[in-house]
Amino acid sequence: METEILYNNFKSEEYFINMGPQHPATHGVLRLVLTIDGEIIKKVEPDLGYIHRSIEKMCERDSYQQIVHLTDRMDYLSANINNEAVCLAVENALQLEIPERVKVIRTIIAELTRISSHCLWWGVMGMDVGALTTYFYGFRDREMINDIMEETCGARLTMNYNVPGGLMLDIHPNFVKRVKEFVTHFKSKLPEYDRLLTGNVIFQKRTKGVGVLSREDAISFGASGPVGRASGYSCDVRKHHPYSAYDRVTFTEALHTEGDTYARYLVRIQEMWESLSIVEQLIDNIPEGEHRVSTNAVIKLPKGEYYQKVETARGELGVYIISTGTKNPYRLKFRSPGFSNLSLLNHIAVGGKIGDLVATMATLDLVIPDIDR
Amino acid sequence: MSYFSEIYKGIKTLLTGMSVTGKYFVTSRKGAITQQYPDNRDTLKMFDRFRGEVIMPHNEENEHRCTGCQKCEIACPNGTIEIIWDRGIDEATGKKKKKIDQFIYHLSMCTMCGLCIDVCPHDAIKWGQNFENSVYDRSTLTRVLNKPGSTLMQGVED
């Protein structure tokens, strides 16, 4: 009885705390309004719009060639895959025959982009749970990919290398040599990642059993990419709806069933190995031929609706174009992976601590410009 | 018992991780990718395709290759390129012909998408390698790319 009175007298109160928009763990201008009881999270409300640039509206103004460069600025870590999505959508609508060379080069560059994105994620993930060293190791290996991109595409991050009909330029003569160098380099460095972080007891205690997402919830929240696959939801677009050259390579879809932060971590590490193997399979036999099919200077899509989805480093990116037959799309909608992955944050973070929220957010791998567009 | 095994496991993984960092501590000079940027400016060479800024190459006789077709102006998504043109008398044929007066390039609006250079039929504009563009006044980023008194190179339009 006495303890009950004591408990009632010291009843805790819920209070609100802002995480972001300027917070190092949110990796961008994402504001989370946390409802907290003590240190237990009761509710997470993401507040978006701090970096909204109305890209979808701008697409209605631009021609189809111009749209491509805007997608660089959405998910800037997988810029090339975003470009590919728009180009594939336009090419499918025009029913263009794309040369094999273009398909293979696009796939190689997409996989390199995926590795570079996961490298950055790995470094940041370690930093979020308190291991600053990983940041430098991840960026070291990412630097090599950035150099490859700079030599071939001209830019390190926002390349705008794909155009409707192929590639803006043919690959640089050094491309194959540099990619091979990178593959051998990264194969020796990737085990270091495991030794440094994966096996670490502190890291495992921070991540195992944290932010558990069941398979049913993953599907109902529309999770995609490594987040969905860590919950046992087989959702790899490359596997189920192959585009470009993914139908001719063999790779296994990284699937885990635990659905916790650690499983999401393992899925991404495994994906880096798979991406390396895809690059290895394709790099030796890039077919000869044209790097670009000529299109009309003014591209007009036939009247109708077109949808194309690709697998970016974060999940499924969908491009939905409604055309009325003019040179601009009537409406262009991006189904971005980050937005649906963020939507489940409230579901998996409730009941945990703030420190766990940071670890959970790190493995959701949110890129805020992708969410806000 | 599990208490001690956890301590053992913790120390073991700690040492495994430190062996990785220790290796780099000893061989820190090998494989360093950090560039000492402001100090290496003399030797720093960007890649050929590096997109620094749009330039218009001129030859020794102060001639450029731009015919003023305005394809780049139309291709640009941001209104970065502005071409002011008029009709001059072509000396060879005596007919009226379009020629550029000013090729204005707003670097501050440029997203380096490369569509203008991709679409140019005469290779009149190219990527420049310069990337040190920080200035005190934004208006200095608006440039006129054709040099004063420059003319169209012979034989470009054929």
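View 1. A:Tyr307 has A:Tyr320 as its bridge partner in β7(A). The model is predicted: local features require pLDDT of at least 70, side-chain atom pairs count only at pLDDT 80 or more, and totals for chains, interfaces and linings use all residues. Residues are numbered from 1 along each chain as its sequence is written, and chains are lettered from A and ligands numbered from 1 in the order in which they are written. Strand β7 of chain A covers residues 316-323, and eight bridges join β6(A) to β7(A), the two running antiparallel. Two strands count as paired if DSSP finds at least two bridges between them. Strands (E, at least two residues) and helices (H or I, at least four) are DSSP runs, numbered from the N terminus.

View 2. Three strands of chain A, in the order β6-β7-β8, form an open sheet with antiparallel pairing. Its edge strands are β6 (304-311) and β8 (331-335) of chain A, each pairing on one side only. From one strand to the next the twist averages 10°. Helix α4(A) packs on this sheet, touching β6 and β7 of chain A, and the direction of α4(A) makes about 145° with that of β6(A). Angles run from 0 to 180 degrees between N-to-C directions, and axes are lines fitted to C-alpha atoms, for helices over the stretch in contact. Two residues are in contact if their C-beta atoms, placed from the backbone, lie within 7 Å.

**View 3. Helix α4 against helix α5 in chain A.** Two packed helices are described by the angle between their axes and the distance between the axes. The axes of α4 (residues 79-94) and α5 (residues 100-128) of chain A come within 8 Å and cross at roughly 140°. Under 35 degrees counts as roughly parallel, over 145 as roughly antiparallel, 65 to 115 as roughly perpendicular and the rest as oblique. On the α4(A) side the contact is made by A:Asn80, A:Ile81 and A:Glu84, and on the α5(A) side by A:Arg106, A:Ile109, A:Ala110 and A:Thr113. By class, this contact of α4(A) with α5(A) has three nonpolar, two polar and two charged residues. Ala, Val, Leu, Ile, Met, Phe, Trp, Tyr, Cys and Pro count as nonpolar, Asp, Glu, Lys and Arg as charged, and the others, Gly among them, as polar.

**View 4. Helix α5 against helix α15 in chain A.** Helix α15 of chain A spans residues 354-364, and its axis comes within 9 Å of that of α5(A), crossing at roughly 180°. That angle makes α5(A) roughly antiparallel to α15(A). A:Val124, A:Met125 and A:Asp128 of α5(A) make the contact with A:Val358, A:Ala359, A:Ala362 and A:Thr363 of α15(A). The residues of this contact divide into five nonpolar, one polar and one charged.

**View 5. The sheet β1-β2-β3 of chain A.** This open sheet has three strands in the order β1-β2-β3, with antiparallel pairing. The edge strands are β1 and β3 (40-47) of chain A, each of which pairs on one side only. The twist averages 20° from one strand to the next. Six bridges join β1(A) to β2 (residues 31-37) of chain A, and A:Met19 has A:Leu32 as its bridge partner in β2(A). Seven bridges join β2(A) to β3(A), where the bridge partner of A:Val33 is A:Glu45. A residue is buried if 20 or more other C-beta atoms lie within 10 Å of its own, exposed if 12 or fewer, and partly exposed in between, with C-beta atoms placed from the backbone.

**View 6. A:Glu39 in a loop.** A:Glu39 lies in the loop between β2 and β3 of chain A. A:Glu39 counts as exposed because it has 10 C-beta neighbours inside 10 Å. Leaving aside neighbours within four places in sequence, A:Glu39 is in contact with A:Lys353 and A:Ile354.

**View 7. Where chain A meets chain B.** In this view 21 residues of chain A are in contact with 20 residues of chain B. On the chain A side, α3 (64-71), α6 (133-153) and α7 (175-198) each supply at least two residues. Helix α6(A) gives the most to that side, with five residues. By class, the chain A side has five nonpolar, nine polar and seven charged residues.
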